[in-house]
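Hi everyone, thanks for coming. Let me put the structure up, and then I'll walk you through some of the spaces inside it.

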Amino acid sequence: MNAIEVNNISKSYGKIKALEKVSLAVEKGEVFGLIGPDGAGKTTLFRILCTLLLPDSGTARVDGFDTVGQMKEIRRRVGYMPGRFSLYQDLTVEENLKFFATLFGTTVEAGYDSISAIYSQIERFKDRKAGSLSGGMKQKLALSCALVHEPSILLLDEPTTGVDPVSRKEFWDMLQTLKERGITIVASTPYLDEVRCCDRVAFLDHGQVRGIDTPQVILNRFADIFNPPGIDRESGTEASEEHVIEVEHLVKTFGNFNAVDDISFAVKKGEIFGFLGANGAGKTTAMHMLTGLNQPTSGTGRVVGYDIRTQYEQIKRHIGYMSQRFSLYEDLTVAENIRLFAGIYGMDDKSIAGKTDEVLERLQFIEHKNDLVASLPLGWKQKLAFTVSIFHEPGVVFLDEPTGGVDPATRRQFWELIYDAAQRGITVFVTTHYMDEAEYCDRISIMVDGKIRALGTPDDLKREFNQPDMDHVFTFLARKATRQSD
Amino acid sequence: MALKYLIRKEFLQIKRNAFLPRLIVMFPIIIMCVMPWVMNMEVKNIRVDVVDNDRSTISQRLVHNIETSRYFIFNGQKPSYRAALSEVERGQADVVLVVPPHYGRDMACGRNPQMLIAANAVNGTKGSMGSAYLSQIVTAQAMPSTTAMRNGASTLLLYNKNQNYKLFMIPALLAIVMMLMTGFLPTLNIVGEKEAGTIEQINVTPVSKWAFILAKLIPYWIIALFIISMCLLLAWLIYGLTPAGSVGYIYLLAMLLALFFSSFGLIVSNYSDTMQQAMFVMWFFVVCIMLLSGLFTPTRSMPDWAYLTTYVNPMHYFIDAVRTVFIRGGGLQDIGRQVTALLVIGTVMTVWSVASYKKNN
Amino acid sequence: MKQFVSFVIKEAKHILRDKRTMLILFGMPVVMMLLFGFAISTDVKNVRTVMVTSQADHMTRMAADRLAASEYFTIVGTVGTPQEAELLIRGQKADMAVVFGHDFASKKSGVQLIVDGSDPNMAQQWGTYAQQVMANPQQMAPVNTKMLYNPQMRSAYNFVPAIMGMLLMLVCAMMTSISIVREKEKGTMEVLLVSPVKPLMVIVAKAIPYLVLAFGILITILLMARFVLDVPLAGSLLWILAVSTLYILLALSLGLLISNVAQTQLVALLLSAMVLLMPVVMLSGMMFPVESMPKILQWISAVVPPRYYIDAMRKLMIMGVGISEITKEVAILGGMTAVLLTVALKKFKTRLE
């Protein structure tokens, strides 16, 4: 018997068809991947499977039970981790885990083995409130909470978004163990290496199943989407020797904890600088100091020629910033967001209007000029946020995980924009968890435990640590971490 | 310069909001159509039970007098005080008037018989005013001479000659409007941006603190002024009530109060992380400020320690001054002290609010 | 059962961890009780009075002394003409003026009171009090007035039940609805729904800590009323608690109903503020007597639950009547609770929209 059977399921929200006659079957004990671009209907399918939504037409059976009529049976058997899963911010790490364990009728002790690989990384912070963990750490805790019990079917909606590569590998190792115990797993993911870990995958696009097969077959068949050709960068602009960012012995202490522990580096003008590190290594804190959101505890730094301690208001005039959380105004239209931020940087109405059209034209986005940002898919929001952050032609733009949770094709388009900006002389300072993106950078630094452990071009680093690619370099360094998180 | 764009953004967001535009239109209408009727502490329709142990013509005349009074409803004759009291207990009567036996005869003999008025004083105002009115009626009947003497000490009511409670309450409504529109809404707005994360994006731009804060406040000030105008207009249309003094002073006072409430809201939002927190803290202080301001009860009746707080209570200055203008027709010389006080309090709060807003930690 | 307990503990932690909200929740009743008990009153006191007289003869001084001696009035000055007095009143430097005629001493008449009539109730009372104070004290009044239940006419007697009605509604309805909606907004509700726990249990577990909190507040108020404000708890404590429990249940069901409608915390907040708090304060008879309102508003107030609770509490606590006198109120509250709870539970969604 199949663990999950979906027959001709359709679901629409108003005019938008989220799912259209979707049929698929998942065998017992299989790791089944659900892939597809943003808005393909993956989350809707998950919700229908775990009985949270009723389909408009069609039927679905989970573990032999109908999702419409036998809700209680299914809810007893499935484990579900929603995409925007959030923990109880005011409970501690341990309290969260305990609560979810009891909720699913088990205890932390009983389920410890199945989560130890990930939970051990955050266990030393078990008395800290979930709200004060960094983004990636929260995700790890969420994973632990979802896996602490052993349901017969596990539904995971983009479980590893924002998690660093090392932890992602550990997570998928855990899924393999669960699989060996006979648990059926359905997971969606934007990461290609994770797709390859699945037994079979279904490719969803615009609410329709475009193909179900082994990962290799699907990835090859839709190579143009999943494996876009690398980007050729005209190496025309020889990076000048002028330093746009200079940091020496920068330290930021929270309480008695050094989030950033004596880092020094310099970024040249026009460079694309990748700022890598495991979750909680201190990347975001460092970036906040460079952008004038936080004061350093000690050490000095200059950004576009201004001191980060005293002249942070001048710095803000000459930089762009795109935060980890999407932060344009959702209730304004595309054009209104652009006009607002351009206006803040002192551009006048006329030049804003002209440039808005020009930029949107180039993005091929002009027809969505008057759409509300809330109605755009995530990938477009991120491209738009980037466009807004460089609209005033800043000297440096800071991007904090700009491509989290987006499919490969959209990420590639995003990087084309980054190259385009670099071409125009804008220095790009970017953090990412995608190691293929790391390869796109001119130079990268890898932070571990608040310190910079490696700094150089991707090729230099591969040579230095004797590893075949960036993924291995990162894993090699991050595994040596002692503190694992903040 | 950036201010222009920020203000435009706020207006767009208010326009797009599903709730705010409706609130802005409906609010003054509801406030003006319903509130003056509700906030009516006028004591009337007091239900009187009469226990007549005399059954003479005198007591019958008394009942007649009660029936014709605008304050009372004659609830009926009761056989005994006990029966009447149980009606009071069941909430069916408010005051009991007991006529002693042989009242008429004793009266005729000049023995000064005494009637008993027992009033339900759980609500003190109602109890005391009800019994006072009733004793006036009784006294008038019992001792026409005394009444004549008292009438000699005539009472002249100034300003609110018709004893119209609505006239007294409309200034209080203006205060409440200002509080909600310029206090609560900007606070929720700023905490909302904190929760959505957009404030971080603003903080890395070169926008100055003042520009950001002003951009949050100005739209609500404009809206508040619009609502105040609507309220004044509606007060005239519905109740025929117009300010006795200059309308300009009312706007001036409203702006000064807005300065205080906006800054106060900003301070609360700067120290709060969630909307719920901000809302509760705001609510707590606002209730205290309102109760101690003399909006509903006279400040003069407060004990000394409580009266001292009115010296730093901007709402007190506002309501004092606005009643002076609206009801008493006072001019600048009458409200100079209040204007100065509001200005000082407002300025202090504004400086505090800007100082407590941190773009850089 | 274990799940249930851990659920309740979790919910209690949410409440306990938010120190500021906790402080407000317990600070609010205490401060309001103190304010209503000690600070706010509608007593006639310290009325600023000016004397208007052209010559200070013996009789005028006697009358002035009598006024000054009473705690109701303070003499703030003497002026020559009524016009000057009116200016003082307009400038809020005086509330009342006593104008003595030229021949006051000889004819014992010709006194006029000029009262600031802005606040009609107070103006009435000032006038009456001033007349009584100045009247000839030898004359015996023909009536004997007895103030039932509240001989000193303290406003606290009236407000304690009202504060209970308002705060219990606020804590139970507003807080429960927000805490449920918060889980919806943060996405944790999805997990709770998909978990093996029964949806009904989620709701009951959420309600219990607020129930306890509400009792805490109720007991705080009752203790303060009795020992700080000296308000007698005339009726049976058992019935007071029983009727309050019914009311708390009613408020919880209302909160649950709001949480079904609202999708975001902001909407829940505004909904509870607009459809709960406003009517409770305005239409329940808490501050403004229902019987002075126009008929249509009286009808609307008939569906405002706190109206019946406050009424019942005033009778039970202050007047000390037995339960038999408030059967009507209790029956209405019970009916409302039953209807609201049924609707709220029926409407509770075990799926997403």
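Let's start with the second largest cavity: domain 1 (2-226) and domain 2 (243-318 + 394-478) of chain A both give residues to its lining, so the cavity lies between them. Those domain bounds come from an automatic or database domain assignment. Before I go on, this is a predicted model, where local features need pLDDT of at least 70, side-chain atom pairs count only at pLDDT 80 or more, and totals for chains, interfaces and linings use all residues. As for bookkeeping, residues are numbered from 1 along each chain as its sequence is written, chains are lettered from A and ligands numbered from 1 in the order in which they are written, and side-chain values use heavy atoms, with hydrogens and water left out.

By cavity I mean a set of points, on a 1 Å grid over the protein atoms alone, where a 1.4 Å probe fits but cannot get out; lining residues have an atom within 4 Å of a point. Points are joined across faces, edges and corners, and the volume is the space filled by probe spheres set on them.

So how much space lies in the second largest cavity? About 80 Å³. It has 15 lining residues, and the closest to its centre are G36(A), K42(A), T189(A), P190(A) and D407(A). By class, that lining has eight nonpolar, three polar and four charged residues. Here Ala, Val, Leu, Ile, Met, Phe, Trp, Tyr, Cys and Pro count as nonpolar, Asp, Glu, Lys and Arg as charged, and the others, Gly among them, as polar.

The contact, meaning heavy atoms within 4.5 Å, takes 20 residues from domain 1 of chain A and 18 residues from domain 2 of chain A. Between them they bury about 1400 Å², 60% of it on carbon and sulfur atoms; that's the accessible area (1.4 Å probe) that two parts lose on being put together, summed over both.

The rule finds one salt bridge across this interface, a salt bridge being a side-chain nitrogen of Lys or Arg within 4 Å of a carboxyl oxygen of Asp or Glu. D471(A) also forms a salt bridge with K169(A), with the closest N and O atoms 3.2 Å apart.

Finally, the largest cavity, at about 630 Å³. Of its 33 lining residues, the closest to the centre are M179(B), L180(B), W283(B), L277(C) and M278(C). And the class count there is 33 nonpolar, no polar and no charged residues.

Notes: On a 1 Å grid over the protein atoms alone, a cavity is a set of points where a 1.4 Å probe fits but cannot get out, and a pocket is an open set with protein on both sides within 12 Å along at least five of seven lines; lining residues have an atom within 4 Å of a point.
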